[in-house]
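Trainee: Please take a close look at one part of this model, the interface between the two chains. What holds the two sides in contact there, and how far does the predictor trust it?

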Amino acid sequence: MSHDHNELEPYGAKDGVDVVSGVPVFPMGEHQLRRADIDPKAAKRAELQVASMFGISAICLLGAVISYVVVSNTLFINVPMVGKVNANHFSVGTLFGLGIFLIGAGAIHWAKKLMPDDEIVQERHSLTSAPEERAEVAEIYKRGAAETGIGERKIIRRTLLGALSLFPLPLIVMLRDLGPMPGTRLRETIWDEGIHLVTDATYRKIKATDMQIGTLINAVPENLLEVEHEDENLNERGKASIILVRLDPADIVSQQGEGWDYQGIVAYSKICTHVGCPISLYQQRTHHLLCPCHQSTFDLSDSGNVVFGPAARRMPQLPITVDGEGYLVATSGFQEPVGPSFWERG
Amino acid sequence: MALSRRHPAVLATVIGVALGTMGIAYAAVDSSTKPKTTLVSQTQVEEGKALFIEGCSSCHGLAGQGTSDGPSLIGVGAASVDFQVSTGRMPGVGPGIQAPKKKAIYNETEIAALAAYVATLGPGPAIPTAELLDTSGAELALGGELFRTNCAQCHGVSGRGGALSEGGVAPSLMDSDAKNIYQAMISGPQNMPVFSDTTLPVEDKQAIIAYIEQLQKGENPGGNGLGRLGPVTEGLFIWVVGLGALLAVAIWIGAKAK
């Protein structure tokens, strides 16, 4: 550090001027007087402007309280641009908003027009302490370390190191509370052999003969109704939801297993294999299933294979048949994990 | 093309339509909810056949059997014809991803005749009766749940429509009447899947229609719904108008007073 440097100035400058270019390092220019500084009438006008902002603000704030009490909150009014709005909400909100805005606007107008606006330079001192002060602090540290005797008292040193190294251990163990490991739950759904397919939201069994070609049904397993705990129910629903469509059997190019359809009725997972959005955006002419989240597209007439988009895996198919009364049932659970890929799946 | 055509059998047509109307009225009064065939006169069918051969057969074939330019209409039913023709989707203007909605070319009488004729080609869903479209007893909350389960994925939660693949769109439902919503569900027009009365019962359909009618009323207690498109328009508004206003205030604060 150069000691002859004036510490109030940036390096390379002397007496407020850059030594190379000769340009002032803090250019200020001539102080410009404002209209209100010269003309008392202009100052009076600015004063009135500020006062009226504060005055209107006071009226707005009182008005907000009055309209809260007076304006009916069942009345709807038509406001241009805004449309039909609740009169109470609109009047209270507008008046209160205007009220607080005008306090701020008045304060800024006051500062800009009437308060002094002379340019000033605020001088700052050097951030570095004097060399003697720094040497003194270093000396205090050294003396303190010597007084603890940590150099000689080996047993204290070692036990302290041991305690400090164990200190993070409880924190790591407590991470266990983030929940049990998923185990096989990511691979399994509540679908199983003989579970009836029921309509989502209305939970009716589905007769195969009721489905004409082109029909789409959003379905869930019947045993979802047995999962009573709400969180568990949502978890199972999130994995087990399927969509059911009836294709012309002649249109089916391939399936994930021999005879997994029932006379052209195919059941596929509803959970996108990309990041797990529920999808039932089924286009009956192309047999495409489009995920609205990232436009992954699956062909339900061709094993649910990906035909477009970021999904890396086909939609898992659920093998189905009918029971003795003609209602659709699953012949087994899903043969591969549904939903997005996960770490252990490989 | 057919707007001002004069057919020799005008009187017979009028009688036919009158009979048809009587049939629909009878069906509306009847308490059974089973879809039933309306009383159709032979004249109406002939009138419909004439219109069909003139306006539809170049794509759908002289007997409605379908060609490389248009699908078979055997078994699509009267509901499908009424939906496609009354919304102007048919006759189509040309091949494409989907036939857009436009002004209807045929009038009500002609549509009824076309529907009556196509219904004779094979059994298919009939035009819903007034009784089926009565939503006065419908359960609105159930309708909302069913709409979100079965319709919202394509038509959007607010029924404003949405994008499909390859340039197709699911249309907005904001101008659709109860009859056409019902007909679309039972006939599955274009890329829409079928929601027949056997898989989605009549009372569920009525609940869905009642819910859509509620959406159509479009009450926005918070003011301008910005098209009810959600974060797209709302985000655009707040980035342009909201941040714009903040910028203007910031510039005013920073500007030097004169």
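Mentor: A polar contact here is a pair of N or O atoms within 3.5 Å; within protein, one of the two must be able to donate a hydrogen and the other to accept it. By that rule, 17 residue pairs are in polar contact across the interface of chain B and chain A, with both residues at pLDDT 80 or more. On the side of chain B that touches chain A, α6 (140-150), α7 (152-155) and α10 (231-254) each supply at least two residues. Of the elements of chain B, α6(B) gives the most to this side, with five residues. Sorted by type, the residues of that side are 18 nonpolar, 15 polar and six charged.

The model is predicted, and the rule finds two salt bridges across the interface of chain B and chain A. In one of them A:Glu119 pairs with B:Lys256, and the closest N and O atoms are 3.6 Å apart.

As to extent, the contact takes 40 residues from chain A and 39 residues from chain B. About 3200 Å² is buried between chain B and chain A, and carbon and sulfur atoms give 52% of this area. B:Asn191, B:Trp252 and B:Lys258 supply 18% of the area that chain B buries against chain A, more than any other three residues.

On confidence, the predictor gives the complex an ipTM of 0.73 and a pTM of 0.72. Chain B has a mean pLDDT of 84, and 84% of its residues reach 70 or more. In residues 30-37 of chain B the pLDDT is below 50, and this stretch has eight contacts in the model beyond near neighbours in sequence.

Notes: Residues are numbered from 1 along each chain as its sequence is written. Chains are lettered from A and ligands numbered from 1 in the order in which they are written. This is a predicted model: local features need pLDDT of at least 70, side-chain atom pairs count only at pLDDT 80 or more; totals for chains, interfaces and linings use all residues. Side-chain values use heavy atoms; hydrogens and water are left out. Contact means heavy atoms within 4.5 Å. Buried area is the accessible area (1.4 Å probe) that two parts lose on being put together, summed over both. A salt bridge is a side-chain nitrogen of Lys or Arg within 4 Å of a carboxyl oxygen of Asp or Glu. A polar contact is a pair of N or O atoms within 3.5 Å; within protein, one must be able to donate a hydrogen and the other to accept it, and residues adjacent in sequence count only if both atoms are side-chain atoms. Helices (H or I, at least four residues) and strands (E, at least two) are DSSP runs, numbered from the N terminus. Ala, Val, Leu, Ile, Met, Phe, Trp, Tyr, Cys and Pro count as nonpolar, Asp, Glu, Lys and Arg as charged, and the others, Gly among them, as polar. pLDDT is the predictor's confidence in each residue, from 0 to 100.
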